[in-house]
Amino acid sequence: MSRSVTATLGVLLGVVGLAALAVPQITTPLPTGETFVLVVGLVLVLGAVAQVQRRRHTELDYAETPDAELAVDLPTPGDDLDRRLGRLRLTRFNEAERHRINDEIRDVAAATIRRRERGSAEAAERALDEGSWTDDPFAAAFFTGRVPEAPTTDRLRELFDRESPFKRRAVRAIDAVERLLESEVRREADDE
C-alpha cells in the first residue's frame with residue numbers, strides 16, 4: 001500500500017471521526033459489523049508493517065561534526081626582545097641596537113616606576129639615572145652606565161661570564177622591572 005493511499009485513508013477517517021463527535025447521526029449509515037472492523041484493522045496493521053519495513057531499509061543519516069579548531073601559536077610577549085638580545089652576542093659591536101634596546105627597557109621601567117610611585121616622569125627618569133629604583137646593582141647599572149656597586153666577587157663573576165655584560169644587565173633590569181610590577185599588582189590587590 002502506498003504511502004499516499006494510507007495518508008488519504010487516515011485523513012478521511014480522522015475527518016469522519018471529528019464530524020461524528022459533533023453530529024453522531026452521520027455514522028449510522030456506516031457499516032459497524034465485525035467484518036468491517038476486521039477489514040479496517042487489517043488495513044491499519046498492513047500499513048503499520050509497511051511503515052516499519054520502509055524505515056528498516058532507510059539509510060541512517062548521521063550528523064557530522066566539524067573538525068575541532070586547531071590552536072594557533074601566538075608569539076609570547078618578549079620573544080622579540082629575547083631574539084634581539086640573542087643576536088647581540090653575534091654582533092657584539094652593534095651600538096645602535098643596544099641603544100634601542102636600552103631605550104625600550106628604560107621606557108617600560110620609567111612607566112612602571114611612575115605607576116608604582118604615583119610620581120612624575122621626571123622623578124622616574126631621575127631614579128633611573130641615579131640607580132635608586134632597584135636594589136639590584138647590575139640592573140641599576142644598566143641605565144646609569146656606571147660600574148655596578150656590587151661586591152668584587154659578583155663583578156668578577158660578571159666579568160668571566162659567557163654572556164656579554166650588556167645582555168646580563170638588560171635581563172636583570174627586565175627582572176627588576178617585573179618585580180616592581182608584581183609588587184604593584186599585589187599592593188593594588190591588597191588595597192581592594
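pLDDT is the predictor's confidence in each residue, from 0 to 100. What you have here is a predicted model, in which local features need pLDDT of at least 70, side-chain atom pairs count only at pLDDT 80 or more, and totals for chains, interfaces and linings use all residues. Residues are numbered from 1 along each chain as its sequence is written, and side-chain values use heavy atoms, with hydrogens and water left out.

**Confidence**
- The protein chain averages a pLDDT of 84, and 96% of the residues score at least 70.
- Helix H5 (residues 121-130) comes out highest with a mean of 92, while helix H3 (residues 79-90) is lowest at 78. Helices here are DSSP runs of H or I, at least four residues, and strands are runs of E, at least two, numbered from the N terminus.

**The annotated stretch**
- UniProt, in an unreviewed entry, puts a "transmembrane region" at residues 32-50. Its positions are in the numbering used here, feature names are shortened, and annotations may be inferred rather than shown by experiment.
- In the model, residues 32-50 are 89% helix and 0% strand, with the end C-alpha atoms 26 Å apart.

- Glu97 sits in helix H4 (residues 95-117). Glu97 counts as buried because its relative accessibility is 12%; buried is under 20% relative accessible area, exposed over 50%, partly exposed in between (1.4 Å probe, protein chains only).
- Setting aside neighbours within four places in sequence, Glu97 touches Arg84 and Leu88 (contact means heavy atoms within 4.5 Å).
- Arg118 is in the loop between H4 and H5. Arg118 isn't a glycine, yet has a positive phi of about 55°, and at 57% relative accessibility it counts as exposed.

- Glu192 lies in the segment after helix H8 (165-191) and, at 81% relative accessibility, counts as exposed.
- Glu192 and Arg116 are 76 residues apart along the chain, with 16 Å between their C-alpha atoms.

**The largest pocket**
- H4 and H8 each supply at least two residues of the largest pocket's lining.
- Among the lining residues are Glu104, Val108, Ile174 and Glu178. A pocket is an open set of points, on a 1 Å grid over the protein atoms alone, where a 1.4 Å probe fits, with protein on both sides within 12 Å along at least five of seven lines; lining residues have an atom within 4 Å of a point.
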